[in-house]
Amino acid sequence: MRRGSVFFLLAVCAVPSGVYAAAMPATMVVTNPWSRVTASAGSAAVVYLTLRDNGLPDRLTAVSTPVAAHADLHVSRMVNGVMDMDPAGPLPLKPGVPLSFSPDGYHIMLTGLTHALAAGEQFPLTLQFVRSAPLTVTVTVQPMSYMPPDASGMGAMAGMKMN
Ligand SMILES: [Cu+2]
């Protein structure tokens, strides 16, 4: 059976990566992870990115980075005309539906920065999922004036409480 032998070959090829059999290979794609310059060490920073799940349904459970004592998933919401935020997550990921972090929605909050973030600096950020293997991406620190190409709700940062 030709069909059967092809299937068998695929099964054999999958064996060398058997260590990671519980995880899915390279199905999470992160676009434009970025943050902004900060005034000092110890202060807070926010990371935005777009996450696309090209595999099976999954959930983003946690984030971490060596440049901050804490990295947390937050969601912004308008309360009495002021942008406030709450802890969020795990965040559900639907295959093929991008999850965009933005000033008026989900963001990654970094607190207890080890040093002030300077424009042009880059640092690693690791995303953890229920099913997929952890994914480490490189965040670029942008100047205060930076707006991402696909920014929406641009004025939302103004009233956001950062501490
Ligand atoms: Cu926040």
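Which residues does Val63 touch, not counting residues up to four places away in sequence? Val63 touches Ala71, Leu73, Ile108, Leu125, Thr126 and Leu127, where a contact requires C-beta atoms, placed from the backbone, within 7 Å of each other. Please keep in mind that this is a predicted model: local features need pLDDT of at least 70, side-chain atom pairs count only at pLDDT 80 or more, and totals for chains, interfaces and linings use all residues. Residues are numbered from 1 along each chain as its sequence is written.

**Overall make-up**

- The protein chain holds one helix and 10 strands; these are DSSP runs, with helices being H or I of at least four residues and strands E of at least two, numbered from the N terminus.
- Reading from the N terminus, the order of elements is α-β-β-β-β-β-β-β-β-β-β.
- Of the 163 residues in the protein chain, 22% are buried, which takes 20 or more other C-beta atoms within 10 Å of a residue's own, with C-beta atoms placed from the backbone (exposed is 12 or fewer, partly exposed is in between).
- Counting contacts in the protein chain between residues at least 6 apart in sequence, 73% join residues at least 24 apart.

**Pairing around S8**

- Strands count as paired here if DSSP finds at least two bridges between them.
- Strand S8 (residues 106-113) runs antiparallel to strand S2 (residues 45-53), and three bridges join them.
- Within that pair, Leu110 of S8 stands opposite Ala45.
- S8 also pairs with strand S4 (residues 68-79), again in the antiparallel sense, over seven bridges.
- His107 in S8 is the bridge partner of His74.

**Pairing around S10**

- Strand S10 (residues 135-142) pairs with strand S1 (residues 28-36) in the parallel sense over three bridges.
- Strand S9 (residues 122-129) pairs with S10 in the antiparallel sense over six bridges, and the two form a hairpin with five residues between them.
- Thr140 in S10 is the bridge partner of Trp34, and Gln122 stands opposite Thr140 as well.

**The nonpolar core**

- A nonpolar core is a set of buried Ala, Val, Leu, Ile, Met, Phe, Trp, Tyr and Cys residues joined through C-beta atoms within 7 Å.
- The largest one has 26 residues, and those with the most contacts inside it are Ala45, Val47, Val63, Ile108, Leu110, Leu113 and Leu125.
- Two or more residues of this core come from each of S2, strand S3 (58-64), S4, S8, S9 and S10.
- S2 gives the most, with six residues.
- In soluble globular proteins, nonpolar side chains tend to be buried together.

Technical notes: Two residues are in contact if their C-beta atoms, placed from the backbone, lie within 7 Å.
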